[in-house]
Amino acid sequence: LMRQEKYYDWIFEEEQRLPENWRWIFVVFILAISILPWLITGFDHRPDEPGILKALFFVLPLDLIVILAFYYTNLQLKVSVQELSVRLFPFQWKSRIIRMEDVREASIRRSPWMQYGLHWIPGFGWAYRIRGVYGIQLMTKNGRRIFVSSGNLSAFTTAMEKALGRKIAGMSPGIANTDRF
């Protein structure tokens with residue numbers, strides 16, 4: 001039997017990426033770390049020396065994988081009336097699904113300081129953040145916490161309120177759209 005994918009009418013979709021300049025700074029940093037040992041020791045090694053070849057065949061492909069993973073990292077948020085779908089690509093192949101019927105509490109709060117990506121943080125639970133200073137803290141019926149930031153907090157909050165069927169505490173006009181770091 002073929003499994004049919006769930007299809008929902010998404011009432012909110014957002015894809016968050018790190019700023020372009022952050023990505024290039026990271027690329028330069030990784031390449032500098034890879035080349036630094038050769039610069040320190042000088043280029044007095046023979047090209048056919050085994051250590052140099054091992055470094056070329058191991059370090060450079062590993063650098064390429066790390067650079068590509070970081071460069072293409074994005075946080076995908078989707079809200080439907082039935083569920084919230086969160087995915088940090090390429091580190092999560094499947095989306096994390098939070099069914100709206102499982103959400104006990106929801107509130108707006110400030111994002112954890114200098115925590116980007118996916119982390120477990122005491123008081124926040126699993127925190128998903130790429131952009132945005134504020135996000136929505138969810139508490140499920142079984143006591144799990146999930147924090148999701150958004151660069152377009154007002155639209156994200158409106159969609160979550162529609163899906164949950166109730167107001168989310170903590171929204172004020174000063175924090176409507178916070179696409180800052």
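User: Among contacts between residues at least 6 apart in sequence, what share joins residues at least 24 apart?
Analyst: That share is 55%. A contact means heavy atoms within 4.5 Å.

User: What kind of model is this, and how are residues numbered?
Analyst: This is a predicted model, where local features need pLDDT of at least 70, side-chain atom pairs count only at pLDDT 80 or more, and totals for chains, interfaces and linings use all residues. Residues are numbered from 1 along each chain as its sequence is written, and side-chain values use heavy atoms, leaving out hydrogens and water.

User: How many helices and strands are there?
Analyst: The protein has 3 helices and 9 strands. From the N terminus, the order is β-α-α-β-β-β-β-β-β-β-β-α. Both kinds are DSSP runs, numbered from the N terminus: helices are H or I with at least four residues, strands are E with at least two.

User: How much of the protein is buried?
Analyst: Buried residues make up 40% of the 181 residues. Buried means under 20% relative accessible area, with a 1.4 Å probe and protein chains only.

User: Switching to rings. How many aromatic pairs turn up?
Analyst: The whole structure holds 3. Rings of Phe, Tyr and Trp (its six-membered ring) pair if their centres lie within 6.5 Å; planes under 30 degrees apart are stacked, over 60 edge-to-face, the rest tilted. One of the pairs is Phe12 with Phe156, tilted, at 5.4 Å centre to centre and 35° between the planes.

User: What sits over the ring of Phe124?
Analyst: The charged end of Arg109, 3.7 Å from the ring centre. To count, NZ of Lys or CZ of Arg must be within 6 Å of the ring centre and within 35 degrees of the ring normal.

User: Back to α3. Which elements do its buried residues pack against?
Analyst: They pack against β1, β2 (74–79), β3 (83–89), β5 (103–110), β8 (134–140) and β9. Those buried residues include Leu153, Phe156 and Met160.

User: And what comes just after α3?
Analyst: Gly165, with a positive phi of about 80°.

Technical notes. Buried means under 20% relative accessible area, exposed over 50%, partly exposed in between (1.4 Å probe, protein chains only).
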